[in-house]
Amino acid sequence: SPAEFFAENKNIAGFDNPGKCLYTTVRELVENALDSAEAISELPVIEITIEEIVKSKFNSMIGLVDRERVDEALYDDYETAKAREKRLAKEARAQEIQAKNAALGKKVKEHAVSKSSKGRGEASFYRVTCRDNGRGMPHDDIPNMFGRVLSGTKYGLKQTRGKFGLGAKMALIWSKMSTGLPIEISSSMRGQNYLSFCRLDIDIHRNIPHIHLHEKRDNKDKWHGAEIQVVIEGNWTTYRSKILHYMRQMAVITPYAQFLFKFVSDAPDKNVTIKFARRTDVMPPVPVETKHHPSSVDILLIKRLIAETSKQNLMQFLQHEFVNIGKPLAERLIGEMGPEFSPKMAVKSLTDQQIVRIHQLFRQAKFDDPSGDCLSPAGEYNLRLGIIKELHPDMVATYSGSAQVFEGHPFIVEAGVSVGGKDVKQGLNIFRFANRIPLLFEQGGDVVTRTALKRISWNNYKINQAQDKIGVFVSIVSTKIPFKGTGKEYIGDDISEIASAVKSAIQQCCIQLKSKIVKKIQAREQQERKRNLSKYIPDASNAVYDVLQEMAKSHASKKKRYEEGDADILQKVSDHLITKETLYEKLTQHVEKVDYEMALEYATQTGVREEPREDIYLQSLDGKGNFFDFHSPIFVFRLFL
């Protein structure tokens, strides 16, 4: 069965080891929650909780009584008397060496505590709970939505977050394999006065849900959404950073969502609570389902479309099931297929040979490229806002490319490049997104990584690749993301259309940053000139005053006559109305004036006032008034009527 296949090949779906299983479970639940809220145009509010369950608590949950060990030698972590004696002797020698080193004043290394080998049976268990404010699920559909793998019947082409279409089903399969405990689902849809509760697991061999409890309960709070709770084996210690990085990057690409992440443990010092606050209420449009482009289909897909189509003849089939095939083009294609084809022939009667002929013509004929109207990129505004919110960079530039095509599938590349920031390492920090989800693994082979490292000449844009804190953000959306590897964790570097679009998007960001960096360098040089001029004011004042005094003496003794304006100045020098202090003050004023004029010109060019700035977020007005949104890459202006 499909469930059995994925249970035996769980690494395909990202369930390689206990740590990765915990990470993938969190990821699947969060992405399902986002899809659910966005489907009803609701600003997502998502709470994710990971609760650590100690062995004794887990045993009580499954009704297992703890027992003392009887035969110690039977266990994997058993230590024989000889091995214990050897270990203690080794520890004693190490302590003796430490004592000698301390007496000699040498630096003493802390004695490494010998790690007892953890028994294979001592697993770590976690209860993962995800709650959202999405559309919820119909009461009768819940068992199949969670307890039957590949239960979907809709066969369309659409930009989706998921990689395999398994969602929480794989988490349920892993739960069944590692703990044997069922999954619990609470759900309610808008306007429902009841809440659906379902506790179930999956019959892996038969690929059907095994329902423990399925009932309707009161929904007094009128809540809508879903809450999913599953207990699995995992490893928080090794995958803690990955899970937190995932949540942080998700907050970057979806700043219109609010996330609350909690890790709860019996040890208070291990507890984690992080809130990623919403920073905008502007959501990207919902992706639209589209038809297949003729150049992107294979023989199997053509057969599937023929089996599912409601159209009767070949002409209607070509026009209805594919994009960019109008009536004139359909007639030309049918004429090119050969004499055995006709517009009115029944599409269901096509033979295998005729289907192969259609496929061959689709591969050779010229069609218009599909449009990108069906795609839903994050948008420059959201991308920029997410970067600023999470990284607090000194500078940021964003760019959104136009829709392009590979193998008949439209795609859009958006990029952001930041310089400086909080918690950002020196050098390149690469953030990759595919269909608005973060990609954290197998970064080395990804098209974004290779492009940023090898194809961008950062020095040409006044950016120091080794010393500057550079953030490179690239988001690719498409109806088909060309993932590589079984785990679908990176996008290959072998598709020239995508590689070229990624390079162009990053370069456009760098061009924007270069102009900002050059202006910043000019401002720094101007400040340096002011410092240098100010340093020489005392010497210049003394020198000029000494010259004026000599000229005044010559004028007074009538050895040399000066014109009226100069004579007045020399007379003031003689009368001590002009002194060294006067000259010092005038030169200082002149330097300040020149500096102010240059600073004013710089501020006018950049449109920035060099004053202390504070990041603020304006909450939207209460009430549901009528308004218009005027969109720009860097802001949205909302006019209320």
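Colleague: Let us begin with histidine 139. Where does histidine 139 lie?
Modeller: This is a predicted model. In it, histidine 139 lies in the loop between β2 (124-131) and α5.

Colleague: Is histidine 139 buried or exposed?
Modeller: Histidine 139 is buried, as its relative accessible area is 11%, and the cut-off for buried is under 20%.

Colleague: How is the chain divided into domains?
Modeller: There are domain 1 (2-60 + 122-276), domain 2 (299-364), domain 3 (389-508) and domain 4 (519-606).

Colleague: And what distance separates the centres of domain 2 and domain 4?
Modeller: Taken over C-alpha atoms, the centres of domain 2 and domain 4 are 87 Å apart.

Colleague: Turning to charges, how many salt bridges are there?
Modeller: The count comes to 22 salt bridges. One of them joins the side chains of glutamate 28 and arginine 27, at 3.0 Å from N to O.

Colleague: Are glutamate 28 and arginine 27 buried or exposed?
Modeller: Both glutamate 28 and arginine 27 are buried.

Colleague: Which residue does arginine 161 pair with?
Modeller: Arginine 161 forms a salt bridge with glutamate 38, with an N to O distance of 2.8 Å. This pair links distant parts of the chain, 123 residues apart: arginine 161 is in the loop between α5 (142-147) and α6 (168-178), and glutamate 38 is in helix α2 (residues 18-39).

Colleague: Which residue forms a salt bridge with glutamate 42?
Modeller: The partner of glutamate 42 is arginine 190, and the closest N and O atoms are 2.4 Å apart.

Colleague: How accessible are glutamate 42 and arginine 190?
Modeller: Glutamate 42 is partly exposed at 22% relative accessible area, and arginine 190 is partly exposed at 47%.

Colleague: Now the surface. Which residues form a positive patch?
Modeller: A positive surface patch is made by Lys82, Lys86, Lys90 and Arg93. Lysine 82 is in helix α4 (residues 81-103).

Colleague: Why does lysine 82 count as exposed?
Modeller: Lysine 82 counts as exposed because its relative accessibility is 72%, and the cut-off for exposed is over 50%.

Colleague: Which residues make up a negative patch?
Modeller: Glu563, Glu564, Asp566 and Asp568 form a negative surface patch. Aspartate 568 belongs to helix α15 (residues 564-574) and is partly exposed, with 43% relative accessibility.

Colleague: What about nonpolar surface: which residues make a patch there?
Modeller: Phe628, Phe630, Ile634, Phe635, Phe637, Leu639 and Leu641 make a nonpolar surface patch of about 740 Å². The elements that give two or more residues to this patch are β17 (627-631) and β18 (636-640).

Colleague: Where is phenylalanine 635 found?
Modeller: Phenylalanine 635 is found in the loop between β17 and β18, and it is partly exposed at 43% relative accessible area.

Colleague: Two more positions, please. In which strand is glutamate 227?
Modeller: Glutamate 227 is in strand β6 (residues 225-234) and is partly exposed, with a relative accessible area of 22%. The C-alpha atoms of glutamate 227 and isoleucine 46 are separated by 9.8 Å, although the two residues are 181 residues apart along the chain.

Colleague: And in which helix does valine 594 lie?
Modeller: Valine 594 lies in helix α16 (residues 580-606), where it is partly exposed at 31% relative accessible area. From valine 594 to lysine 100 the C-alpha separation is 69 Å, and they are 494 residues apart along the chain.

Methods
Residues numbered from 1 in each chain as written. Predicted model: local features only at pLDDT ≥ 70, side-chain atom pairs only at ≥ 80, totals over all residues. Heavy atoms only, no water. Domains from an automatic or database assignment. Patch = residues over 30% accessible without salt bridge, like charges linked within 9 Å, V, L, I, M, F, W, Y side chains within 5 Å. Areas by Shrake-Rupley, 256 points an atom, 1.4 Å probe, with all protein chains shown as cover. Salt bridge = Lys/Arg side-chain N within 4 Å of Asp/Glu carboxyl O. Lys, Arg positive; Asp, Glu negative; His and termini not counted. Charge placed at Lys NZ, Arg CZ, Asp CG, Glu CD. Helix = DSSP H or I, 4+ residues; strand = E, 2+ residues; numbered from the N terminus. Buried < 20%, exposed > 50% of the residue type's maximum accessible area, 1.4 Å probe, protein only.
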